[in-house]
Amino acid sequence: MVKRNSRVCKCISFLFPDGCSEAPSCPSVVKLMVPLQCSLNILEGDTGCAIWPSSLLLSEFVLSFPEVFSNKSCFEVGSGVGLVGICLAHIKASKAILSDGDLSSLDNLKNNLELNQLNITSDMLERSTQVQTLVKCIYLPWESASESELQDLKPDIILGADVIYDPACLPHLIRLLTIILRKKPFSHQGKVNSNGQSNAATGAPYAISSFLESETTPVAYIASVIRNMDTFSYFLKLADQANLHVLDITDTVKPVNMLPYMQSYDRTSVRLFSLSYNCLS
């Protein structure tokens with residue numbers, strides 16, 4: 001760990017299990033090392049520059065199922081330190097549009113992309129002669145993002161880690177998700193109750209990658225630690241009012257444990273949800 005002014009430089013090493021490269025759902029590498037510049041001032045509100053458990057799980061999710069994200073246009077809300085975006089670039093998503101509503105966090109995000117030798121484009125219409133992910137960072141306060149600005153993003157997949165913790169921000173988040181997700185109709189299989197559990201029929205288990213690839217796009221994947229049940233229930237209420245279908249896929253889709261050495265990382269505290277627009281309700 002190297003101190004840099006009010007930041008420290010940490011290195012997250014994702015370890016791919018033996019034989020994982022033989023499976024279609026894992027990249028053909030043994031280890032992915034991601035250096036990140038992080039904040040020392042979490043208690044002072046600099047939360048966007050910290051590494052949170054939900055970001056770690058969402059990154060493991062991306063790396064465990066690259067066939068779901070590769071060659072897809074992906075948009076992340078509240079990108080923070082950029083860990084998920086760096087993993088998207090690793091599995092060769094066609095686009096990774098990373099966003100944050102805090103300018104300090106956005107500057108730190110850009111620094112982390114440079115640390116990981118990723119080029120940031122200012123024009124999503126640019127094309128490279130090499131096969132690589134187009135990465136773009138945008139300043140996007142949820143409360144002021146226009147409908148046309150959000151519609152122009154046109155992602156296949158939206159991602160977010162720990163974005164449902166603040167009740168005051170939830171109406172803006174739901175509005176943002178609804179504008180992007182209501183592109184296509186979706187027929188739901190089950191809803192999530194206020195305890196965060198799915199009431200979808202539990203028959204024969206899905207093949208995991210087939211389950212994910214069968215999701216109607218655009219789709220959102222949100223990883224979150226449910227710290228306050230009232231806040232989570234409010235999120236579900238707003239989602240239901242906006243015709244967003246929320247499905248808890250935590251027990252259906254289990255990412256590979258790529259951080260076994262990280263004792264402070266409690267994977268069991270994080271829930272993983274998929275969100276789609278349900279125009280048939």
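## Helices against the sheet

Helix H4, residues 103-115, lies across strands S5 and S6 and runs at about 165 degrees to S6. That is a handy place to start a tour of this predicted model. Another helix, H6, lies across S4, strand S7 (157-161), strand S8 (219-225), S9 and strand S10 (270-277). The angle between H6 and S10 is about 50 degrees.

## The overall picture

The protein has 8 helices and 10 strands in its secondary structure. Of its 281 residues, 51% are buried. If you look at contacts with a separation of 6 or more, 78% of them join residues 24 or more positions apart.

## The seven-stranded sheet

Which order do the strands of the open sheet follow? The 7 strands are arranged as S6-S5-S4-S7-S8-S10-S9, and the pairing is mixed. Strand S6 (134-139) and strand S9 (244-248) stand at the edges with a single partner strand each, so one side of each has no neighbour in the sheet. On average, neighbouring strands of this sheet are turned by 20 degrees against each other, direction ignored.

Let us walk through part of that order. S5 and S6 run parallel and are joined by 6 bridges, with isoleucine 97 opposite lysine 136 in S6. S4 pairs with strand S5 (residues 95-100) in the parallel sense as well, over 4 bridges. Here cysteine 74 stands opposite alanine 96 in S5.

## Strand S4 from both sides

Is strand S4 (residues 73-77) mostly covered or mostly uncovered? It is mostly covered, since 5 of its 5 residues are buried. In a regular strand, side chains alternate between the two faces of the sheet. For S4, one side carries Ser73, Phe75 and Val77, and the other carries Cys74 and Glu76; both faces are covered, as these residues are all buried.

Helix H1 (residues 53-64) has 12 residues and spans 16 Å from its first C-alpha to its last, close to the 16 Å expected at 1.5 Å a residue. Why can H1 be called largely enclosed by the rest of the structure? The reason is that 11 of its 12 residues are buried. The buried residues are Ser54, Ser55, Leu56, Leu57, Leu58, Ser59, Glu60, Phe61, Val62, Leu63 and Ser64.

Helix H3 (residues 83-90) is mostly covered too, with 7 of its 8 residues buried. Those buried in H3 are Leu83, Val84, Gly85, Ile86, Cys87, Leu88 and Ala89. Lysine 92 follows H3 and has a positive phi, near 65 degrees.

## Where H6 meets H8

Now back to H6. The axes of helix H6 (residues 170-181) and helix H8 (residues 229-241) come within 10 Å and cross at roughly 35 degrees. Their crossing is right-handed. On the H6 side, Leu170, Pro171, Leu173 and Ile174 take part, meeting Thr231, Tyr234, Phe235, Leu238 and Ala239 in H8. Sorted by class, this contact of H6 with H8 has 8 nonpolar residues, 1 polar residue and no charged ones.

Threonine 178 also has its place in helix H6. Is threonine 178 buried or exposed? Its relative accessibility is 10%, under the 20% cut-off, so threonine 178 counts as buried. Apart from its neighbours within four places in sequence, threonine 178 is in contact with Ala242, Leu244 and Tyr277.

## Loop residues to look at

Lysine 154, in the loop between helix H5 (147-151) and S7, is not a glycine, yet has a positive phi of about 50 degrees. Lysine 154 has a relative accessible area of 61%, so it is exposed. Aspartate 162, in the loop between S7 and H6, has a positive phi near 55 degrees and is likewise a residue other than glycine. Aspartate 162 has a relative accessible area of 10%, so it is buried.

Valine 253 sits in the loop between S9 and S10. With 1% relative accessibility, valine 253 counts as buried. Valine 253 and leucine 212 are 41 residues apart in sequence, and their C-alpha atoms are 8.4 Å apart in space.

Note on methods. Residues are numbered from 1 along each chain as its sequence is written. This is a predicted model: local features need pLDDT of at least 70, side-chain atom pairs count only at pLDDT 80 or more; totals for chains, interfaces and linings use all residues. Side-chain values use heavy atoms; hydrogens and water are left out. Axes are lines fitted to C-alpha atoms, for helices over the stretch in contact, and angles run from 0 to 180 degrees between N-to-C directions. Helices (H or I, at least four residues) and strands (E, at least two) are DSSP runs, numbered from the N terminus. A crossing is left-handed if the near helix is turned anticlockwise from the far one by less than a right angle, and right-handed if clockwise. Contact means heavy atoms within 4.5 Å. Ala, Val, Leu, Ile, Met, Phe, Trp, Tyr, Cys and Pro count as nonpolar, Asp, Glu, Lys and Arg as charged, and the others, Gly among them, as polar. The expected span of a helix is 1.5 Å times one less than its number of residues. Buried means under 20% relative accessible area, exposed over 50%, partly exposed in between (1.4 Å probe, protein chains only). Two strands pair if DSSP finds at least two bridges between them.
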